[in-house]
Amino acid sequence: MFDKIGELVSYLLNTSMSLEQGLRDLGYEEEMTEDELTELNTYIFQCAECGYWCEACEANTNYYGDLICVDCLNMDVYQD
């Protein structure tokens, strides 16, 4: 993992801040390439339901095809 990507992963994980805010806070707003941002998705994703950044291994798909976290998946399953 690249240093910038690792730092961004650590900074965003388990928060609901926007990617733009994280990049701004770390001073990477102008530095990150499209390839690096694509690589970021191999480590973390932002849940479409709760908005929290989660590890990629926790990704699930909801009824609409959006990526959601395990907690939101469990809430969906048990509310039916």
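Trainee: In what order do the elements of the protein run from the N terminus on?

Mentor: This is a predicted model. From the N terminus, the order of its elements is α-α-α-β-β-β-β-α. In total, the protein has four helices and four strands.

Trainee: What box do the C-alpha atoms of the protein fill?

Mentor: Taken along the principal axes, the box is roughly 45 × 20 × 20 Å. Of the 80 residues in the protein, 29% are buried. Contacts can also be sorted by separation along the chain: among those between residues at least 6 apart in sequence, 35% join residues at least 24 apart.

Trainee: How are two packed helices described?

Mentor: Two packed helices are described by the angle between their axes and by the distance between those axes. Here, helix H1, residues 3-12, packs with helix H2, residues 19-26, at an angle of about 120°. The axes of H1 and H2 are 10 Å apart. H1 and H2 are therefore oblique to each other, and H1 passes H2 in a right-handed crossing.

Trainee: Which residues of H1 and H2 make the contact?

Mentor: H1 contributes Glu7, Leu8, Tyr11 and Leu12, while H2 contributes Leu19, Gly22, Leu23, Asp25 and Leu26. Sorted by class, the contact has six nonpolar residues, one polar residue and two charged residues.

Trainee: Where is asparagine 14, and is this residue buried or exposed?

Mentor: Asparagine 14 lies in the loop between H1 and H2. Because its relative accessible area is 58%, asparagine 14 is exposed. Its backbone deserves attention as well: phi of asparagine 14 is near 65°, a positive value in a residue other than glycine.

Trainee: Where is the place of methionine 32?

Mentor: Methionine 32 is in the loop between H2 and helix H3, which covers 34-40. Its relative accessible area is 11%, so methionine 32 is buried. For isoleucine 5, separation can be given in two ways: methionine 32 and isoleucine 5 are 27 residues apart in sequence, and 8.7 Å apart in space from C-alpha to C-alpha.

Trainee: Is cysteine 54 buried or exposed?

Mentor: Cysteine 54 has a relative accessible area of 7%, so this residue is buried. Its place is in strand S2, residues 53-55. Leaving aside neighbours within four places in sequence, the residues in contact with cysteine 54 are Leu13, Tyr43, Ile44, Phe45 and Cys69. A distance may also be taken to valine 70, 16 residues apart from cysteine 54 along the chain: their C-alpha atoms are separated by 9.1 Å.

Trainee: Which residues does asparagine 62 touch?

Mentor: Not counting residues up to four places away in sequence, asparagine 62 touches Glu49 and Ile68. Asparagine 62 is found in the loop between strand S3, 60-61, and strand S4, 67-68. Being in a loop does not settle the matter of burial, and each residue is read from its own value. Asparagine 62 has 12% relative accessibility and so counts as buried, whereas asparagine 14, also in a loop, is exposed.

Trainee: How far does the backbone nitrogen of aspartate 66 lie from a polar atom of the side chain of asparagine 62?

Mentor: The separation between these two atoms is 2.9 Å.

How values were computed:
Residues numbered from 1 in each chain as written. Predicted model: local features only at pLDDT ≥ 70, side-chain atom pairs only at ≥ 80, totals over all residues. Heavy atoms only, no water. Axes fitted to C-alpha atoms, helices over the stretch in contact; angles between N-to-C directions. Helix = DSSP H or I, 4+ residues; strand = E, 2+ residues; numbered from the N terminus. Parallel < 35°, antiparallel > 145°, perpendicular 65-115°, else oblique. Left-handed = near helix turned anticlockwise from the far one by under 90°. Contact = heavy atoms within 4.5 Å. Nonpolar A, V, L, I, M, F, W, Y, C, P; charged D, E, K, R; others polar. Buried < 20%, exposed > 50% of the residue type's maximum accessible area, 1.4 Å probe, protein only. Polar contact = N/O pair within 3.5 Å; in protein donor to acceptor, adjacent residues only side chain to side chain.
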